[in-house]
Amino acid sequence: MRILKKVFISIVVISLLIFAAIWIYFNSLKPNYAGEIKLQNIDNETTVYFDDFGIPHIYAQSQEDALTALGYVHAQDRLFQMELMRRIAPARLSEIFGKDMLKNDLFFAKLGIDEVSKRTIEKLDKNSPTYKLSTAYLNGVNQFIENGPTPIEFTLIGIKKQKYTLNDMYNILGYMSFSFAMAQKTDPLLSVIQQKLGENYLKELNIDSTPNSTFIKNSKSSLASLENMIAQATEVLQKTPIPPFIGSNSWVVSPNKTANGKVIFANDPHIGFSQPSVWYEAHISTPNYEMYGYHIAGIAFPLLGHNRNYAYGLTMFENDDIDFYQEENNPTNSNQYKTSEGYLNYKTTSKTIKVKDENDVVVEVKSTNHGPLMNNTIETVTQTEPIAMSWIYTKFDNDALEALYTISRAKKMADVKKGVSMIHAPGLNIMYGDAEGNIAWWAAGKLYKLKSNANRKLILNGASGEDDIQSYLDFDQNPMAENPSWNYVYSANNQPDSIADILYPGYYLPEDRAKRIVQLLAPKNNWTKETMSEMINDNTSAVSSEIIKQFTTIMDCNSFTKNEQSAIDILQLWDGSNTIENVAPTIYNKWIYLYLKNTFEDELGEKLFHQLNATHVMRRMIAAQIKKEHSIWWDDVNTKNKKETRKEILTKSFTQAINSLEKQLGSNIIGWNWGKVHTLEHPHPIGTISYLKKYFNVGPFPMNGAREVIDNRIFEYDDTGLYKVMAGPSTRRIIDFSDIENSLSILPTGQSGNPFSKHFKDQVEMFNKGEFRKMKMNKEEIISTSTKLTILPK
């Protein structure tokens, strides 16, 4: 008995020791929000106050000290996110994730982002403020890497910590630029449609071409190559562990339209949801500089920001800055390709991709004067008809970091405009408002012209030189508006007015959000911070009621069942709002999907239909196609001796929708609430491991909003009847220059990416409810609500 008692006590003691060790270990991984630390490259004592949501407010005697502190605290909250971000562009994801990420690495190895970064850094002025402050930020990041605890994700995956470099910073900006583009998966797709189905089908998609347009030569091998390119671009962006940048809303109203006589600024960039979310907020105050900024992982300067004098934000321009060219090999020398000046040698380089637990993979990158060949990125497809990708980002040095420095250190509106002019890619809409009453919008990006008969939405002729870039536009020809007479500026990724005598080519989103924004802004002249907060959460569609009206006047309702008639009644009474309690959005979205499927899939096939459904082209077609009574797409090519009509397709789609919903949600139509099928989960890269999912992912939650409303929730249509939100507002900001210290913001989950931090997901409920918290700038208030971390010179 005595022996059993000793054994029992020993087991208890050992268990307690194990639990104590685990507790100590996990606590050691938490971010340090209070106390005292010493850092090198700090000249004077610097104080960081972490407010009640973990936002650092950094008070320093110099910008260099402030940026060193920023790098350190940013790394302690987001080092794993930084690690993933810096690995995408140089094709280094397989090094930590293994062969599952090899396709991504093969794709990015060809783009040339890393080469542009190195080329740009070689030319940098080492005495410039941009270089010095970026280096200070990197010093802070690297001191945490050297001295701070190793994040749990590094341990689980087996990542060895490595110092951060300036090259990493530029590569992150390069990936961000590529993720904005739509042409990489749309241009090849439209060319496939043109080849497989003919010009008439393409024209019905509102992709016009002139009789003199140059078309890619039709062959089975070229079609296979193009279809492969489409699939690879889609798969790469879906599998990348950091979410792509997708769309956005922003509007700024002048003092003439506000109740307080001061500018009010609103912005909510739309980005793929993830955990942690994209933005890291930080407030910096020095004797000669103050900024409340939003940083992406690894970048020293904020992409969004405001201070007491001005505010700036961004949306995606959606301009077309990628073109594809079919090249022509020399029939007697496969190492050469044809140009207007004769045959030239391919530029060939080799890159080695390290793959975890596998042999290294060596990839050969062949490039023409247009850019890298993209055919063989994933699988071996014939290169007798090589396709090169011309991307404006790789044509010039990357001045984005200098642009962000200039914008975030502006003294007047002209300084911000100067910074905007430095950005050649990605295409952005930079929104601006200031304390003096100025408002503005500028489109950033290096725009260019081709000959009028060159259709940039199709594969271009690379051999003749006829489809090459003819000229670049000066920045003053870009779309912009400064202090317009209508007293507001806005952007919702929609088509801008004509510039340089053309409607600039792009993959713009439909008018839905833009129409709703104008509908709300134009008639009202007494805007406040509170009414702006309501508007940025608005989930009412400006066009769904018009679509329903067209649907119901066209359909044959005589043979409808009781539930089908009830569904029609619900839709006709619907005000267009998309709340979790509503039934109408559930019916509407199922109907829309089946109408698109029944219209387009028979001609395209399942694979191409799914790919087209994921592009902006299809979103623009939802309203446009219904208006075309005699469209070639209405006929079902699978039925013989019969030509279907618009009326038949729409009626069939509606009855199928109701039948499907009855099977999915039951026969009681009142229970078909939007929140049952429209949900949001914030995925963490580690969350793909089933037993770790609940510790790293956040959600799922039933979600208000929908596609193309102001409260934009982006999801894909498929047969499941579930609308899993992939992207949406990455933050919501309301900046009121009459009350700057009480401006509002929210993040989707929390400030910290550390799962052991109390700020890992402390904003998620507020975000889901459309609530806000203050962006604090009053020092007394900050001190009274914060913990204090003192950083001393080492």
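Student: Where does Phe772 lie?
Tutor: Phe772 lies in the loop between α24 (764-769) and β30. Helices (H or I, at least four residues) and strands (E, at least two) are DSSP runs, numbered from the N terminus. Before we go on, this is a predicted model, where local features need pLDDT of at least 70, side-chain atom pairs count only at pLDDT 80 or more, and totals for chains, interfaces and linings use all residues. Residues are numbered from 1 along each chain as its sequence is written, and side-chain values use heavy atoms, with hydrogens and water left out.

Student: OK. Is Phe772 buried or exposed?
Tutor: Phe772 counts as buried, at 17% relative accessibility. Buried means under 20% relative accessible area, exposed over 50%, and partly exposed in between (1.4 Å probe, protein chains only).

Student: What is Phe772 in contact with, leaving aside its neighbours within four places in sequence?
Tutor: The partners include Ser533, Ile536, Arg732, Leu744, Ile746 and Met766. Contact here means heavy atoms within 4.5 Å. Take Ile746: 26 residues separate Ile746 from Phe772 in sequence, but their C-alpha atoms are 5.3 Å apart.

Student: Switching to charges. How many salt bridges are there?
Tutor: The count comes to 31 salt bridges, each being a side-chain nitrogen of Lys or Arg within 4 Å of a carboxyl oxygen of Asp or Glu. One of them pairs Lys776 with Asp52, at 2.9 Å from N to O. That pair links distant parts of the chain, 724 residues apart: Lys776 is in the loop between β30 (773-774) and α25 (779-784), and Asp52 is in the loop between β2 (46-50) and β3 (56-59).

Student: Are those two buried or exposed?
Tutor: Lys776 is buried, with a relative accessible area of 6%, whereas Asp52 is partly exposed at 40%.

Student: And which residue does Arg516 pair with?
Tutor: Arg516 forms a salt bridge with Asp538, with the closest N and O atoms 3.0 Å apart. Arg516 lies in helix α14 and Asp538 in the loop between α15 (529-536) and α16, so the pair ties together parts 22 residues apart in sequence. Arg516 counts as buried at 14% relative accessibility, and Asp538 counts as buried at 12%.

Student: Which residues do shared partners join into one network?
Tutor: Salt bridges with shared partners connect Glu83, Arg86, Arg87, Arg92, Glu95 and Asp168.

Student: New topic, the nonpolar side. How many residues are in the largest nonpolar core?
Tutor: The largest nonpolar core has 110 residues, and Trp279, Ile296, Ile299 and Trp442 have the most contacts inside it. Helix α2 (residues 63-88) gives the largest share of this core, 12 residues. A nonpolar core is a set of buried Ala, Val, Leu, Ile, Met, Phe, Trp, Tyr and Cys residues joined through side-chain atoms within 4.5 Å. Apart from that one lies another core, of 57 residues, with Leu189 and Met618 among them.

Student: Which residues line the largest cavity?
Tutor: The lining includes Leu173, Met176, Leu303, Ala400, Leu404 and Pro426.

Conventions. On a 1 Å grid over the protein atoms alone, a cavity is a set of points where a 1.4 Å probe fits but cannot get out, and a pocket is an open set with protein on both sides within 12 Å along at least five of seven lines; lining residues have an atom within 4 Å of a point.
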